[in-house]
Amino acid sequence: MQWTIDPAYRTKRDSLQGLLEQFEQSSHELGDGNRNIIRVLPLDKEEVAIKSFKVPHLVNRWVYRFFRKSKAQRSFEYAQILIQKQIGTPAPVAFGEEKQGLLFGRSVYISRFVHADLTYRELIHQPDYPNRTELLRAFTRFTFDLHEKGIHFLDHSPGNTLIVLSASGPVFYLVDLNRMEFGTLDLQTRLKNFSRLTPKREMVKIMATEYARLIDQDEQMIFDHMWAYTQAFRKRFENKKKWKRTVLGRK
C-alpha cells in the first residue's frame, strides 16, 4: 500500500499500516457494504473512518493504473479543497493505493470520524423531526454556499450530508466525495443539484422558497424547475430499478 498523508498526520505514518490490519479484523461497519466497506477505528486519541473501495473491474483496473485518479485520491484531494473553501467535511487523513504491475488494486481513504446527530435522510422519513423546516432551510443555505463557491457535488443525495446539531445551529459535513466538479454553476445546474434529495413535494417547496430568497428570484419559478428536475430523476431511478428486477433479477 502506497500512502499519501495529509501534513497534519504525517507523524502517524507507521500507525496507518497497522490500521489496515485492524480494519480486516473489525466488524464495526457503516452502511450496507454492497460496494464499498466503511469501518471506524481508533487512531491514537481520535477515531477515523476508513473507506475501502471495491476493486474495479478489469478494464478500469488498467484505466485507474495509468489514466485516471482513484476514488480514494479524489476523495482526499476534494476534501482538502472543501476545507480550503471553508465547507464542512470530515478532515482528510490519508489515502492508500495498491498497484500490481499494469493493474490497479485496492484503494482506501481515511478521514476523521464525525459523530453526526442525523443525515438528510432522517428529514425524509421523520416528518415530525424537531425543527425540521428550519433544518431544511439551513441545509438549503449550505447548498447555496456550495454553489456560490463553485462546488458541484454530483452525489448530493440523502445519506451524503451529515448534520451535527449545536447550540449555534446545525453544522453540515459532506461525505462520499469522489464525484465533484468545480467552476461557475448556472441556475439550471444549481436547481438540478437538488433533484436526488427527496421525493417529497413539501420538502422541495421549503428548499425552493429558501433558495429563491437567497438568489432573489421568483419563488414559483424556482419551485417549478426544482420539482420538475426531482420528478425526472425519480422516473429515471424507478426505471433503473425496474430494469434491474427484470433483467438482472435483483430486488
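Good morning. The structure is a predicted model, in which local features need pLDDT of at least 70 and side-chain atom pairs count only at pLDDT 80 or more, while totals for chains, interfaces and linings use all residues. Residues are numbered from 1 along each chain as its sequence is written, and side-chain values use heavy atoms, with hydrogens and water left out.

I begin with the whole chain. Its secondary structure comes to 8 helices and 11 strands; helices (H or I, at least four residues) and strands (E, at least two) are DSSP runs numbered from the N terminus. The radius of gyration, taken over C-alpha atoms, is 20 Å, close to the 18 Å that the globule rule (2.2 Å times the number of residues to the power 0.38) gives for 251 residues, so the chain is as compact as a globular protein of that length. Along the principal axes, the C-alpha atoms fill a box of roughly 55 × 50 × 35 Å.

I turn now to the strands. Two strands are said to pair if DSSP finds at least two bridges between them. Strand β3 (residues 37–43) pairs with strand β4 (residues 46–53) in the antiparallel sense over 7 bridges, and Pro-42 has Glu-47 in β4 as its bridge partner. The two strands form a hairpin with 2 residues between them, and Asp-44 in the turn has a positive phi of about 55 degrees.

Next comes an open sheet of 3 strands in the order β7-β9-β10, with antiparallel pairing. Because β7 (118–119) and β10 (169–174) each have a single partner strand, they stand at the edges, and one side of each is left without a neighbour in the sheet. Between β7 and β9 (residues 161–166) there are 2 bridges: Leu-118 stands opposite Ile-163, and Thr-119 opposite Leu-162. Helix α5 packs on this sheet, touching β9 and β10, and its direction makes about 45 degrees with that of β10. As for β9 and β10, 6 bridges join them, and a hairpin of 2 residues connects them. Ser-166 has Gly-169 in β10 as its bridge partner.

How does α5 meet helix α7? Helices α5 (residues 132–148) and α7 (residues 201–215) pack at about 50 degrees with their axes 9 Å apart. Axes are lines fitted to C-alpha atoms, for helices over the stretch in contact, and angles run from 0 to 180 degrees between N-to-C directions. That angle makes α5 oblique to α7, the class left when angles under 35 degrees count as roughly parallel, over 145 as roughly antiparallel and 65 to 115 as roughly perpendicular. Contact here means heavy atoms within 4.5 Å. Among the contacting residues are Leu-136, Phe-139 and Phe-144 of α5, and Met-203, Ile-206 and Tyr-211 of α7.

Thank you.
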